[in-house]
Amino acid sequence: MPEQREPVQRPASILLAATPIGDVDDASPRFIRALQEAEVVAAEDTRRMLALASRLNVRVNGKVLSLHDHNEGDRAEGLVDCAESGARVLLVSDAGMPTVSDPGFRVVRAAVERGVHVSALPGPSAPVTALAVSGLPSDRFSFEGFLPRKDGEASAYLEALADDPHTLIFFESAKRVHGTLQRMASAFGGERQAVVCRELTKKYEEVLRGSLSDLITQTEGEVLGEITIVIAGFKGKKSAEDHVKTVLALASEGMRLKDAAAEVASATGLRKNELYKAALAYKEQ
């Protein structure tokens with residue numbers, strides 16, 4: 001008789017499953033079984049999920065639903081209802097682990113609040129893969145995801161991280177990576193060491209290493225693919241003058257200068273009055 005295997009996922013539960021970030025062969029046997037056994041599959045992009053299943057020669061037998069940033073708030077409770085009624089609910093994003101800069105957080109939060117079991121099927125992760133190949137310290141790191149879209153907000157966000165000692169990991173689109181590296185150099189200094197990982201695990205994988213100034217030069221012109229940026233943490237001390245541009249960037253978007261100084265002070269631990277005076281002095285120059 002053939003060996004009877006336990007299901008990957010127990011009934012009345014929600015399973016978060018990591019999908020390949022590039023190479024389809026990174027899909028685990030457990031992931032393939034989970035796709036086959038799930039009674040409900042919630043996918044960030046249903047067409048991409050079904051295309052992945054086809055490449056894996058997997059038949060998806062369960063009900064397929066879309067779950068993305070625009071509908072997760074409405075779908076979360078319904079998916080938890082399905083699990084609560086006894087269904088195996090599987091969550092997958094386009095690449096990597098759901099909830100990590102991808103949909104799924106609202107579903108998990110609703111499930112936890114209602115006492116529905118949640119587990120994860122580990123697998124590929126772009127932030128961890130980029131960190132592993134970066135050659136930068138990996139004992140302490142912070143995943144920051146995508147920066148704010150507005151330039152002023154992005155600059156202020158980076159300035160608040162300028163003296164963070166952790167290795168920092170960011171996602172960025174190919175068309176914005178050059179400008180983002182320029183903002184990073186302005187906030188962190190052009191000499192800060194960093195790594196740009198492009199198309200990880202794919203045929204044209206590329207890892208660019210050097211200072212931020214070096215990487216700005218290396219990314220001039222057309223850049224294609226999915227990008228992960230890893231930056232060395234800060235080593236040293238910062239003064240109020242080092243954060244003046246952050247204060248002024250917040251003020252340029254409508255915030256009172258004193259309020260901007262207070263916000264930066266809260267993020268950096270510096271004194272509000274010192275930041276305010278430094279910003280005034282910079283403006284006078």
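Strand E4 (residues 88–92) is largely enclosed by the rest of the structure, because five of its five residues are buried (under 20% relative accessible area with a 1.4 Å probe, protein chains only). Strands here are DSSP runs of at least two residues, helices (H or I) runs of at least four, numbered from the N terminus. The model is predicted: local features need pLDDT of at least 70 and side-chain atom pairs pLDDT 80 or more, while totals for chains, interfaces and linings use all residues. Residues are numbered from 1 along each chain as its sequence is written, and side-chain values use heavy atoms, without hydrogens and water.

Arg88, Leu90 and Val92 point one way from E4, and Val89 and Leu91 point the other way. Two strands pair with E4, where pairing takes at least two DSSP bridges.

| Strand | Sense with E4 | Bridges | A bridge pair |
|---|---|---|---|
| E1 (residues 13–17) | parallel | five | alanine 17 with valine 92 |
| E2 (residues 40–43) | parallel | four | valine 41 with leucine 90 |

## Cavity and annotated region

The whole structure has one cavity of 30 Å³ or more, meaning a set of points on a 1 Å grid over the protein atoms alone where a 1.4 Å probe fits but cannot get out. The largest cavity holds about 40 Å³, and the residues lining it (an atom within 4 Å of a point) include Phe31, Leu121 and Asp26.

UniProt, in an unreviewed entry, lists residues 241–281 as "domain: RsmI HTH"; such annotations may be inferred rather than shown by experiment. Residues 241–281 are 76% helix and 0% strand, with end C-alpha atoms 10 Å apart.

Technical notes
On a 1 Å grid over the protein atoms alone, a cavity is a set of points where a 1.4 Å probe fits but cannot get out, and a pocket is an open set with protein on both sides within 12 Å along at least five of seven lines; lining residues have an atom within 4 Å of a point. Grid points are joined across faces, edges and corners, and a volume is the space filled by probe spheres set on the points. Buried means under 20% relative accessible area, exposed over 50%, partly exposed in between (1.4 Å probe, protein chains only).
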